[in-house]
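I opened a new model today and kept notes on what I looked up. The entries follow the order in which I went through the fold.

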Amino acid sequence: MIDLHLHLDGSLSIEDFKYLSKKDGISLGEDFPKNIYVSKDCKSLEEYLERFDLPLKFMQSKENIEYLTASLVKRLYKLGYIYAEIRYAPLLHLNKGLTMDEVVKASIDGLNKGLKECPGFDVNLILCCMRHADEKLNMETVEMANKYRNQKVCAVDLAGAEALHPSSYYSRVFSKAKEYGLNITIHAGEATGSDEIMMAIDNGAIRIGHGVHLSLDKDSIKKVKDHNVCFEFCPTSNLQTKSLKDYNHVPLRDFMNNQIPVCINADNMTVSDVSAISEMKQMIKTFSLTKEEVFRLYMNAIEHAFIENSEKSLLKKKLESVFEKYWSNLSNEE
Ligand SMILES: [Zn+2]
């Protein structure tokens, strides 16, 4: 299993919440654990994003950021993942006086601690700029990604409410990222349309978070292919934010028919109550995907992961060796 689009703050376990609540004396609220999942009648991306308020309360110290990063790495390993990229926005962790450098270092320390207990597993970090944030903080995020690029930070992202803050506002930030030669992925075409995806590509994105509203006209397809862009689908999250009506509306077949690379991810394991595994199962069920098609989706993820070619080759071999087991797990259960 592989996940390239997974938010740390949306993926805290119930045990993590309980442990940190007790340790820090922060209340979980009367309706815990119901309040950590998005409700069935969630109306929009903006409402979905409110589910991050509670986890973020716990993510304001070095100790907790380190602990939570390690915890997620270990959970993914136990679930049988062979590679993952975990993302979060360092600028959301400055409320109690941490510097951005301290936040990023804490997450790297947590990642390395977690990986020590997970032989053969690899995870990298993506630092998210936020659409609502000051340019100064987004610029600092890019600086951090550059500073720690050889220490498990593999890319920068742009997250947050895209309908309110279009990608064009962020061209200076991403020019800087491009100047540094950083890998770029951008959340786009989730709550908005294809124009936003085109802008994200102009801003240097070689992966698009969601992108389900890509218009499949000749010019858009050409642009996507010219830039070798991969789309990080997170189906359940799109249903919850009302970006898509139901699973049948996930444009997976359309993208596959046009040979546009797609991979299947969780987005938020806790907020959405899914994993990349359950999402893949759902796609197999909805679209009657064949074994070869599922293999292709995992290969897409490896080919577009933000890692060196040598690591991609190793992961491909690993995928080949574990895929029979994956397939029987994915296809046998309901
Ligand atoms: Zn996301």
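The notes below cover overall size, the sheets, the helix pairs and a few backbone details.

**Entry 1: overall**

I note at the start that this is a predicted model. I counted secondary structure and got 14 helices and eight strands. I then looked at the extent of the C-alpha trace, which spans about 50 × 45 × 45 Å along the principal axes of the chain. Does the radius of gyration agree or disagree with that of a compact globule? For 334 residues such a globule would have a value near 20 Å, and the chain has 19 Å, so the two agree.

**Entry 2: the sheet E1 to E4**

I looked up the strand order and found an open sheet of four strands, E1-E2-E3-E4, with parallel pairing. Strand E1 (2-7) and strand E4 (153-159) are the edge strands, and each pairs on one side only. Neighbouring strands in this sheet are turned against each other by 25° on average, direction ignored.

Strand E3 (residues 122-130) runs parallel to E4, and six bridges join them. One residue I located there is Met130, whose bridge partner in E4 is Ala159.

I then asked which helix lies across E3 and at what angle. Helix H5 (residues 100-116) does, at about 160° to E3, and H5 also lies across strand E2 (83-88) and E4.

**Entry 3: the sheet E5 to E8**

I found another open sheet of four strands, in the order E5-E6-E7-E8, again with parallel pairing. Strand E5 (185-188) and strand E8 (262-264) stand at the edges with a single partner strand each, so one side of each has no neighbour in the sheet. From one strand to the next the twist averages 25°.

Inside this sheet I looked at strand E6 (residues 207-210) and strand E7 (residues 230-233), which run parallel and are joined by three bridges. Arg207 stands opposite Cys230 in E7. Helix H8 (residues 194-202) packs on the sheet and touches E5, E6 and E7. The direction of H8 makes about 165° with that of E5.

**Entry 4: H5 with H6**

I returned to H5 for its helix neighbour. H5 and H6 pack with their axes 10 Å apart, at an angle of about 45°. The pair is therefore oblique. I read the crossing of H5 and H6 as right-handed. On the H5 side the contact involves Met100, Asp101 and Val104, which meet Leu137, Glu140, Thr141, Met144 and Lys147 in H6. By class I noted four nonpolar, one polar and three charged residues in the contact of H5 with H6.

**Entry 5: H6 with H7**

How far apart are the axes of helix H6 (residues 135-147) and helix H7 (residues 171-180)? They are 9 Å apart, and the packing angle is about 15°. That angle makes H6 roughly parallel to H7. H6 passes H7 in a right-handed crossing. From H6 the contact takes Glu135, Asn138, Met139, Val142, Glu143 and Asn146, and from H7 it takes Arg172, Val173, Lys176, Ala177 and Tyr180. I sorted the contact of H6 with H7 by class and got five nonpolar, two polar and four charged residues.

**Entry 6: H13 with H14**

I looked up helix H13 (residues 291-303) and helix H14 (residues 309-332), whose axes come within 10 Å and cross at roughly 145°. H13 passes H14 in a right-handed crossing. The contact residues of H13 include Val294, Phe295, Tyr298, Met299 and Ile302, and those of H14 include Leu315, Leu319, Phe323, Tyr326, Trp327 and Leu330. How many polar residues are in the contact of H13 with H14? There are none: the contact divides into eleven nonpolar and six charged residues.

**Entry 7: backbone details**

I looked for a cis peptide bond and found one joining Phe32 and Pro33, with omega about 5°. Pro33 is in the loop between helix H1 (14-24) and helix H2 (45-49).

Lys152 has a phi of about 80° and sits in the loop between H6 and E4. Gln259 has a phi of about 55°, and its place is the loop between helix H11 (252-257) and E8.

Terms used. Residues are numbered from 1 along each chain as its sequence is written. This is a predicted model: local features need pLDDT of at least 70, side-chain atom pairs count only at pLDDT 80 or more; totals for chains, interfaces and linings use all residues. Side-chain values use heavy atoms; hydrogens and water are left out. Axes are lines fitted to C-alpha atoms, for helices over the stretch in contact, and angles run from 0 to 180 degrees between N-to-C directions. Helices (H or I, at least four residues) and strands (E, at least two) are DSSP runs, numbered from the N terminus. Angles under 35 degrees count as roughly parallel, over 145 as roughly antiparallel, 65 to 115 as roughly perpendicular and the rest as oblique. A crossing is left-handed if the near helix is turned anticlockwise from the far one by less than a right angle, and right-handed if clockwise. Contact means heavy atoms within 4.5 Å. Ala, Val, Leu, Ile, Met, Phe, Trp, Tyr, Cys and Pro count as nonpolar, Asp, Glu, Lys and Arg as charged, and the others, Gly among them, as polar. Two strands pair if DSSP finds at least two bridges between them. The radius of gyration is taken over C-alpha atoms; the globule rule is 2.2 Å times the number of residues to the power 0.38.
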